[in-house]
Amino acid sequence: KETSNNECSKYNFLSGHFPYGAHNYLHNKYQYITLIRHPVEREISSVNFDYQRGYIKNKQEAIKTFIAVMIDNPQTRMLAGESYMSGECNERTLEVAKKNMEKFLLVGVTEDTNSFVQALISILNAEPVAIGKSQVTQDKIFKKLPKEIQSALLNKHQYDLALYKYAKDRWKKWKQANIFSTLPITAQQKILTILPDFANRHEAIYMNNAQIEEYNNSSKGGLVEINQHHH
């Protein structure tokens, strides 16, 4: 709806799990960024998240969720676009997702999030940041899946696995071609710091290296220091 378009255009940054095509709801310029995750790791994380919040009660319910409840190849579908969120996910869906990926400002993989953030802040000519993990699931029902369940998930999410491998190789080549050196952060420099409770407080602060180190020594939820990359 037009009112929805106007509402979305009020914001400078939109985040969340939505399919490619969100720009159709905007009236201003846009850029996409995303991180691709290994499909089995993503499933384990999702089920553990639901278990900690009480949506899943036991391992039997968790396995049922893995096999029968969760949609297949969600990352491929979402990069392909809204029209691919239902129906069969196939080779064409994967190719559309890869094609759309080329329109993104930056695409990385979750196990290299720090480098992804470093690259992003340099591309945007932004200031260095320090970030902390938030919403980390502590009470996990699964840390590692039985082989038969893992095999079933790899079969269920075969296109997500192919997308992940493609994105990982693409990200590696992108770094080799674009990242040349690192700008160190001085002792006096103020760093935009996003604490682990940012999701609740919605407030970032500035800290220097010494303050970050002091925070880490007195807190279980440590920060990750980010050095800005040159391109």
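This is a predicted model: local features need pLDDT of at least 70, side-chain atom pairs count only at pLDDT 80 or more; totals for chains, interfaces and linings use all residues.
Modeller: Residues are numbered from 1 along each chain as its sequence is written, and side-chain values use heavy atoms, with hydrogens and water left out.

Biologist: Thanks! How many aromatic pairs does a search of the whole structure find?

Modeller: Rings of Phe, Tyr and Trp (its six-membered ring) pair if their centres lie within 6.5 Å; planes under 30 degrees apart are stacked, over 60 edge-to-face, and the rest tilted. Searching the whole structure gives six such pairs. Take Trp 171 and Trp 174: this pair is stacked, because the ring centres are 5.5 Å apart and the planes lie at 10°. Tyr 20, Tyr 30, Tyr 32 and Phe 104 also come together as one aromatic cluster.

Biologist: Where do Trp 171 and Trp 174 sit in the chain?

Modeller: Helices (H or I, at least four residues) and strands (E, at least two) are DSSP runs, numbered from the N terminus. Both tryptophans belong to helix H8 (residues 158–178), and being three residues apart puts about one helical turn between them.

Biologist: Is Trp 171 buried or exposed?

Modeller: Buried means under 20% relative accessible area, exposed over 50%, and partly exposed in between (1.4 Å probe, protein chains only). Trp 171 has 3%, so this residue is buried, whereas Trp 174 has 23% and is partly exposed.

Biologist: And what lies over the face of Tyr 166?

Modeller: A charge sits over a ring if NZ of Lys or CZ of Arg is within 6 Å of the ring centre and within 35 degrees of the ring normal. Here Lys 98 takes that place over Tyr 166, 4.7 Å from the ring centre.

Biologist: Now the salt bridges: what does the count come to?

Modeller: The rule asks for a side-chain nitrogen of Lys or Arg within 4 Å of a carboxyl oxygen of Asp or Glu, and the count is seven. One of them joins Glu 102 to Arg 170 at 3.1 Å, N to O. Glu 102 lies in the loop between helix H5 (91–101) and strand E2 (106–109) and Arg 170 in helix H8, so this bridge ties together parts that are 68 residues apart in sequence. Another salt bridge pairs Glu 43 with Arg 42, with 3.4 Å between the closest N and O atoms; Glu 43 is buried, at 0% relative accessibility.
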